[in-house]
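New notebook page. I want to look up what is packed inside this structure and where it opens up.

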Amino acid sequence: MAPPNFKLNPDRPIGEQLVAECERLIAVGEWKPGERVPSVRALAVQFGVNPNTVQKALALLDERSLLVARSTSGRFVTEDEALIARTGDRIARSHAAQYARAMRALKIGRERAIELFDEQAKAIRGTRERA
């Protein structure tokens, strides 16, 4: 079973989506620094994808130094907290850029876009507080 917020998009390569989701899991601390990540097979089952696709995604995360492969004991999340923070910032900037482009396309100015963002942030915060 995939993480609750993860849904495959048929218009985007699966491997790219797996890399993005694993980066998110690391950035938000669901996969903690130094923690062993699930095996390729376990992740393939969890995400509902081919193990070869998972292996390629994890290899890319190895190259980005977000994961560290230890030959006899599996893969672990980096303990480089600065790298993890930069990854979270990069993800946040990407979402912010998407929002900014959408507001520009709707011809909504900066101040109104910020108001709309704040409204949604408060609504989400209120939903979490009631849960």
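First, a term I need: a nonpolar core is a set of buried Ala, Val, Leu, Ile, Met, Phe, Trp, Tyr and Cys residues joined through side-chain atoms within 4.5 Å. Buried means under 20% relative accessible area (1.4 Å probe, protein chains only).

Ground rules. I am reading a predicted model, where local features need pLDDT of at least 70, side-chain atom pairs count only at pLDDT 80 or more, and totals for chains, interfaces and linings use all residues. Residues are numbered from 1 along each chain as its sequence is written, and side-chain values use heavy atoms, with hydrogens and water left out.

**Core.** I looked up the largest nonpolar core and got 21 residues. Those with the most contacts inside it are Leu18, Ile26, Trp31, Val54, Leu61, Leu67 and Val77. The elements giving two or more residues to this core are α1, α2, α3 and α4, and α1 gives the most, with five. Helix names follow DSSP runs (H or I, at least four residues), numbered from the N terminus.

**Cavity.** How many cavities of 30 Å³ or more does the whole structure hold? My search found one. I count as a cavity a set of points on a 1 Å grid over the protein atoms alone where a 1.4 Å probe fits but cannot get out; lining residues have an atom within 4 Å of a point. Leu18, Cys22, Leu43, Phe47, Val54, Ala57 and Leu58 line the largest cavity. α3 supplies the largest share of that lining, three residues.

**Pocket.** A pocket is an open set of grid points with protein on both sides within 12 Å along at least five of seven lines. The largest pocket has a volume of about 560 Å³, a volume being the space filled by probe spheres set on the points, which are joined across faces, edges and corners. Of its 19 lining residues, Arg12, Ala20, Glu21, Ile91 and His95 lie nearest the centre. α1 gives the most to this lining, with seven residues.

**Helix α4.** I noted residues 81–105 for α4, 25 in number. Which residues of α4 are buried? They are Leu83, Ile84, Thr87, Ile91 and Met103. At the N-terminal end, Asp80 caps α4, with a side-chain oxygen 3.2 Å from the backbone nitrogen of Ala82. After α4 comes Lys107, whose phi is positive, near 60 degrees.

Notes: Expected span 1.5 Å × (residues − 1). Buried < 20%, exposed > 50% of the residue type's maximum accessible area, 1.4 Å probe, protein only. Polar contact = N/O pair within 3.5 Å; in protein donor to acceptor, adjacent residues only side chain to side chain.
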